Amino acid sequence: MLWSEIEKSFYRAGALAFSRKKMIVAFPILVLCGVLIVFCRAVAFDASDWVGLSLTFLPVLLSAGLLLPLGVVLIRIHQCESKHHTLHLKQ
């Protein structure tokens with residue numbers, strides 16, 4: 001692999017990484033995960049030890065359940081953008 005090919009792939013990856021469509025999809029999920037973590041911390045503030053421990057791990061598990069499908073959707077969007085296909089968010 002030549003240096004020019006590495007530069008070309010690096011610049012293409014940088015250009016496709018910050019697309020508007022990906023940001024629109026990812027932002028609400030990230031905000032929801034953050035609000036979920038803050039809510040569980042607030043509820044666990046004056047709770048018993050067992051409830052506080054469960055509310056520590058609950059947002060981690062729920063956020064993982066939201067972030068893993070988000071990653072699949074973002075990879076699908078990235079593949080369509082790199083191949084110059086049109087992909088609508090409803091699909």
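This is a short tour of one predicted model, stop by stop.

Before starting, note that residues are numbered from 1 along each chain as its sequence is written. Because the model is predicted, local features need pLDDT of at least 70 and side-chain atom pairs count only at pLDDT 80 or more, while totals for chains, interfaces and linings use all residues; side-chain values use heavy atoms, with hydrogens and water left out.

**Stop 1: the whole chain**

Select the protein chain and colour by secondary structure. The chain has three helices and zero strands, in the order α-α-α along the sequence. Helices (H or I, at least four residues) and strands (E, at least two) are DSSP runs, numbered from the N terminus. With a radius of gyration of 19 Å, well over the 12 Å that the globule rule gives for 91 residues, the protein chain is more spread out than a compact globule. That radius is taken over C-alpha atoms, and the rule is 2.2 Å times the number of residues to the power 0.38. Along the principal axes, the C-alpha atoms fill a box of roughly 60 × 35 × 15 Å.

**Stop 2: the surface**

The protein chain exposes about 7,600 Å², 72% of which carbon and sulfur atoms supply; the areas come from the Shrake-Rupley method with a 1.4 Å probe, and for residues only the protein chains shown count as cover. Of the 91 residues, 19% count as buried (buried is under 20% relative accessible area, exposed over 50%, partly exposed in between; 1.4 Å probe, protein chains only).

**Stop 3: K22 and E81**

Select K22 and E81. Their side chains meet in a salt bridge of 3.5 Å, N to O. The pair links distant parts of the chain: K22 is in helix α2 (residues 20-43) and E81 in helix α3 (residues 49-82), 59 residues apart. The structure holds one salt bridge, meaning a side-chain nitrogen of Lys or Arg within 4 Å of a carboxyl oxygen of Asp or Glu.

Is K22 buried or exposed? K22 counts as buried, at 9% relative accessibility, and E81 is buried too. Leaving aside residues up to four places away in sequence, K22 touches L16, A17, L74, I77, H78 and E81 (contact means heavy atoms within 4.5 Å).

**Stop 4: F10 and Y11**

Select F10 and Y11. A search of the whole structure finds one aromatic pair. F10 and Y11 form that pair, edge-to-face, at 5.7 Å centre to centre with 65° between the planes. Rings of Phe, Tyr and Trp (its six-membered ring) pair if their centres lie within 6.5 Å; planes under 30 degrees apart count as stacked, over 60 as edge-to-face and the rest as tilted. F10 is exposed at a relative accessible area of 60%, and Y11 counts as exposed at 57%.
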